[in-house]
Amino acid sequence: MTPVSAVDPSLAMQAIGLSKHYGHVVAMEGADFELARGEILAVVGDNGAGKSTLIKALAGALIPDFGQVYLDGESVRFSSPLDARLAGIETVYQELAVASQLDIAQNMFLGREMRKPGVLGSILRQLDKKRMRQQAAEQMHNLGIRVQSIRQAVATLSGGQRQAVAVARAAAWGRKVVILDEPTASLGVRETHQVLDLIRRVREHDISVVLISHSMPEVFAIADRIHIHRLGRRAAIVSPKTTVMSDVVAVMTGALPSDAVVSASLAAG
């Protein structure tokens, strides 16, 4: 069992003792979480380990029964995903939240549409499409995402490009943390590498990234640290530089005690 953490204001995001029960079903019990500023933290775990429950609690999609979430050392309470978004946390779920029939710029500002200044915007409620297209193009350029036109309908993009639009939108609005749930699911090898490169570029913009993934090769290729989740709580945090893939899988499945892999990781470091 991982010791209960103390509040650390140096962390971008932290959770202490999160619990969630559904009747007699324990989805999360005393779960801790720590995300450093400017890091890519991979969250891994077997099916039913409670990863989704943890992430939903961090993203405001679920209210834990007990425990506390902190941003930059300050206690926060989210009653909805909107609360988390207003605090600077954006989440890209496995089911792509893009509108296929809208263009790239419209998707980037979906739910955050900009209106023209003055009477045109306040009374006639006309959208400032030009400004949205300019800012969307700048964001795509800054992240190194290449598309034919910012006016291109998302339906015409490849799977990797669609995922890139979703990630770019999250990075544009997620001032502090971007949570990515299986961002490379259903992508080919080339598109997967493109999305992983994009995640690295997001981190370079001083945004902390949480990556939920079942792909161990991808996790070891991109993560700074690995949070191993098991039986509704954090089992261990290890470094991919000092831990072998088989040991991470063994802790996930319960074949290896978490203390053993943590000790080995510390010794190697």
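The lining of the second largest pocket divides into four nonpolar, seven polar and five charged residues. Here Ala, Val, Leu, Ile, Met, Phe, Trp, Tyr, Cys and Pro count as nonpolar, Asp, Glu, Lys and Arg as charged, and the others, Gly among them, as polar. Please keep in mind that this is a predicted model, in which local features need pLDDT of at least 70 and side-chain atom pairs count only at pLDDT 80 or more, while totals for chains, interfaces and linings use all residues. Residues are numbered from 1 along each chain as its sequence is written, and side-chain values use heavy atoms, with hydrogens and water left out.

**The second largest pocket**

- This pocket has a volume of about 240 Å³.
- On a 1 Å grid over the protein atoms alone, a pocket is an open set of points where a 1.4 Å probe fits, with protein on both sides within 12 Å along at least five of seven lines, and lining residues have an atom within 4 Å of a point.
- Grid points are joined across faces, edges and corners, and the volume is the space filled by probe spheres set on the points.
- Of its 16 lining residues, K51, S52, T53, D181 and I212 are the closest to the centre.
- Helix α1 (residues 51–59) provides the largest share of the lining, five residues; helices (H or I, at least four residues) and strands (E, at least two) are DSSP runs numbered from the N terminus.

**Nonpolar cores**

- The largest nonpolar core has 35 residues, and M140, L180, I199 and V202 touch the most other members.
- Such a core is a set of buried Ala, Val, Leu, Ile, Met, Phe, Trp, Tyr and Cys residues joined through side-chain atoms within 4.5 Å, where buried means under 20% relative accessible area, exposed over 50% and partly exposed in between (1.4 Å probe, protein chains only).
- At least two residues of this core come from each of α3 (104–108), α5 (129–142), α6 (159–173), β7 (177–181), α7 (189–204) and β8 (208–212).
- Helix α6 gives the most to this core, with seven residues.
- Leaving aside residues up to four places away in sequence, L180 touches V92, V167, I199, V209, V210, L211 and I212, a contact being heavy atoms within 4.5 Å.
- A second, separate core of 26 residues includes A57, A59, F78 and I212.

**The aromatic pair**

- A search of the whole structure finds one aromatic pair.
- The ring centres of F109 and W173 are 5.7 Å apart and the planes are at 85 degrees, so this is an edge-to-face pair.
- Rings of Phe, Tyr and Trp (its six-membered ring) pair if their centres lie within 6.5 Å, with planes under 30 degrees apart counted as stacked, over 60 as edge-to-face and the rest as tilted.
- The partners are 64 residues apart, F109 in the loop between α3 and α4 (119–122) and W173 in helix α6.
- F109 is buried at 4% relative accessible area, whereas W173 is partly exposed at 25%.

**Loop residues worth a look**

- G50 sits in the loop between β3 (40–45) and α1, and is buried with a relative accessible area of 10%.
- Not counting residues up to four places away in sequence, G50 touches A27 and H229.
- E182, in the loop between β7 and α7, has a positive phi of about 50 degrees although it is not a glycine.
- E182 counts as buried, at 9% relative accessibility.
- L231, in the loop between β9 (225–230) and β10 (233–238), also has a positive phi, near 55 degrees.
- L231 is exposed, with a relative accessible area of 64%.
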